[in-house]
Amino acid sequence: MRDYAAVLDRAAAGGRITPEEALDLYRSAPLHALGSAADAARRLRYAGTEHIATYIIERNINYTNSCVTACKFCAFYAAPQSDKVWTRDIADILRRCAETVELGGTQIMFQGGHHPDYGVEYYEEHFAAIKKAYPQLVIHSLGASEIEHMSRISGVTAEEAIKRIHAAGLDSFAGAGAELLPARPRTAIAPLKESGERWLEIMEIAHNLGVESTSTMLMGTGETNAERIEHLRMIRDVQDRTGGFRAFIPYTYQPENNKLKGQTQATIFEYLRLIAVARLFLDNVAHIQGSWLTVGKEVGQLSLHYGADDLGSIMLEENVVSSAGAKHRSNRMEIIQLIRSAGRVPAQRATTYEHLVVHDDPADDPVNDHAVSHLSSTAIEGGTAHPELKLLAAN
Ligand code: SF4
């Protein structure tokens, strides 16, 4: 067996590793040594607060499923001419925002398809309305793909689109649509999406305008190990220039109801190894998020021992990956327990990762506060807790 200790020691101490070293570690380093080094790197970065792991309460608000981009892994969209298309009007969206505030949520993720008619004006109008009614809600939404689409619809540059929706109320980008950034796997699963280079270029424009983002990665649609590491390299290179990526969030492909039909999936081991290598390789990205929604709660707990410092959100509403088969559900009290039983002190965080509430003492834990994931979800048959929220007829 090769000796990985020197590379792991360097990375654990905050030193930089090359893409070749990262790929070597990802392919072959012993799992426990990899996790241990990643955990050491996390503890070093968060010295003083390394005992804490965070979560956030948010709601995804899906404004339409109409989409012209037809990604093969997606179970959420409907072709614009389809009778399955729906849209939500502004009153419905504001009502969902009101519920988010009532349930202690601090962030909304406005998420939808690439509607053929929705240009910059649509987002300006909606973000302004949300901010006017609920200035306390952080709008952490969209990504480079939506910017590319809306700027094309409105005939403006990406820079102008970002400036305008930021002025209207967008606080930060959720970094959706990164999928796989290298060309081969991206073209295979999302042939109509902008290139990975363009995705990064738009994120870089946003960062330079002062609009930060998170970054994501969709694992398990047939990409190679080398392509996974190349995805990380592409993010790290941009981050060296901008520092605008707050977090990296890998999640696993869900195989139901989409054109790929589950031909391939990432295993739990591949996922945990990726979390660890991301912590070691992305020495310039502060936060690594575990995804309990796609890999399950126990694996989410494990990710906290493989370099992750955050367990993501209690999504009061989520329809996109749930449509593709993600069946895990949770609530605030359970997430707190998951973090605590993983050996950390749970803390509710803001979008910008400040600790809002540190749950130091179990005696002070919230009791039945109704912050439950998927409280409202079109992905669950008959599962909406709010049947009065009607979908509009297809337009
Ligand atoms: S992932 Fe987004 S862009 Fe792709 S088909 Fe689904 S809704 Fe459309």
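**Close-up 1. Ala79 in this predicted model is partly exposed.** Its C-beta atom has 14 others within 10 Å. A buried residue would need 20 or more, and an exposed one 12 or fewer, so Ala79 falls in between. Ala79 sits in the loop that links strand S1 (52–62) with H4. Ile108 is 29 residues away from Ala79 along the chain. The C-alpha atoms of Ala79 and Ile108 are separated by 25 Å.

**Close-up 2. Helix H4 (residues 90–102) crosses helix H5 (residues 120–133).** The two axes come within 10 Å and cross at roughly 40°. H4 and H5 are therefore oblique to each other. The crossing of H4 past H5 is right-handed. H4 contributes Ile90, Ile93, Leu94 and Cys97 to the contact. From H5 come His126, Ala129, Ile130 and Ala133. Seven residues of this contact are nonpolar, one is polar and none is charged. An α-helix has 3.6 residues a turn, so residues three or four places apart point the same way.

**Close-up 3. Helix H2 (residues 19–28) has buried residues.** These are Glu21, Ala22, Leu23, Leu25 and Tyr26. What do the buried residues of H2 pack against? Their partners are helix H1 (5–12), helix H3 (31–45), helix H10 (225–242) and helix H11 (268–281).

Key. Residues are numbered from 1 along each chain as its sequence is written. This is a predicted model: local features need pLDDT of at least 70, side-chain atom pairs count only at pLDDT 80 or more; totals for chains, interfaces and linings use all residues. Axes are lines fitted to C-alpha atoms, for helices over the stretch in contact, and angles run from 0 to 180 degrees between N-to-C directions. Helices (H or I, at least four residues) and strands (E, at least two) are DSSP runs, numbered from the N terminus. Angles under 35 degrees count as roughly parallel, over 145 as roughly antiparallel, 65 to 115 as roughly perpendicular and the rest as oblique. A crossing is left-handed if the near helix is turned anticlockwise from the far one by less than a right angle, and right-handed if clockwise. Two residues are in contact if their C-beta atoms, placed from the backbone, lie within 7 Å. Ala, Val, Leu, Ile, Met, Phe, Trp, Tyr, Cys and Pro count as nonpolar, Asp, Glu, Lys and Arg as charged, and the others, Gly among them, as polar.
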